[in-house]
Amino acid sequence: MGNQATKTYGQVSTFDDSKGDNNDSNLTFVFHTTEDDCTDRVVHDNNLAENFTTYTYTILQENEVIAQRNDSEDHRNITQLIPLLNAGDIVEFITKDNESHWVVYVGSNSCIHLKSDKVLKSEMDSLHKDCWAKLVNNVYVFKPLPVVQLLQNAESQIGKVSMWCNSECFAMWCRTGKAEFTTETVRNLDLSPSKQIATNYRLKLKTGTEELTKNFSSLSKLVEFRKKMELPYNRGLNALSL
């Protein structure tokens, strides 16, 4: 990227260690092969683990694309990425267990993230030491909140019990304030500037020659379903029918 022509690209998919939910819902997801993910600050390194399966997905909300990702894209060791980060950036780690963990970078080598149903503040370089990471600011097309408000969202939840299914939903709620990313039990709370939440979502997912389209009633259920099938032991779209 730019003058970094000697860098190599790794491949990875997003996934999280949270429990999945196979219930269909009204979420709409669309699949694309590109991502506008802060390309001026993305860095590259060696390839990821050989057992990674690459996924391309699109998320649709009422037939409008709200997220897209091509996971044949690059990650880099977190120690190399930290100097490029700004407060408010959303970062995805790929852990040594080949699972995805999203965090909100808050500056000074610190991040706020969801882990085991609780929101914690941790040091970036020790959270997943020597693991791969990348910026994922623009996977979703939703307009981000001002950085001050984004950081306030994250800080306000430290130590609290989770209202989110997984780390991705928490990080994106901090970034956008949208109640769609919370669990259904708290979706009636006024967590979003807009109180109207779509009820038709679609996930379009592709890996290799396999493709799948599935409808959901909520965005959080869609994300949870996608992350469950992306776990190392659920590789392959045949797992999506479970």
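The model is a predicted one. Leu 120 belongs to strand β7. Leaving aside residues up to four places away in sequence, Leu 120 touches Cys 111, Ile 112, His 113 and Lys 115. Val 103 is 17 residues from Leu 120 in sequence, and the two C-alpha atoms are 9.9 Å apart.

## The sheet

Six strands form an open sheet in the order β3-β8-β4-β5-β6-β7, with antiparallel pairing. Its edges are β3 (76–77) and β7 (118–123), each of which pairs on one side only. Helix α4 (residues 167–176) packs on this sheet. The helix touches β4, β5 (100–107), β6 (110–115) and β7, and its direction makes about 30° with that of β5.

## Strand β4 and its partners

Strand β4 (residues 90–94) runs antiparallel to β8 (residues 132–135), joined by four bridges. Val 91 stands opposite Leu 135 of β8. Phe 93 has Ala 133 as its bridge partner in β8.

With β5, strand β4 pairs over five bridges, again in the antiparallel sense. Here Glu 92 is bridged to Trp 102. The β4–β5 hairpin has five residues between the strands, and in it Asn 98 takes a positive phi near 65°.

## Burial of β4

How many residues of β4 are buried? Five of the five are, so the strand is largely enclosed by the rest of the structure. Both faces are covered: one carries buried Ile 90, Glu 92 and Ile 94, the other buried Val 91 and Phe 93. In a regular strand, side chains alternate between the two faces of the sheet.

Definitions and conventions. Residues numbered from 1 in each chain as written. Predicted model: local features only at pLDDT ≥ 70, side-chain atom pairs only at ≥ 80, totals over all residues. Heavy atoms only, no water. Pairing = 2+ DSSP bridges. Helix = DSSP H or I, 4+ residues; strand = E, 2+ residues; numbered from the N terminus. Contact = heavy atoms within 4.5 Å. Axes fitted to C-alpha atoms, helices over the stretch in contact; angles between N-to-C directions. Buried < 20%, exposed > 50% of the residue type's maximum accessible area, 1.4 Å probe, protein only.
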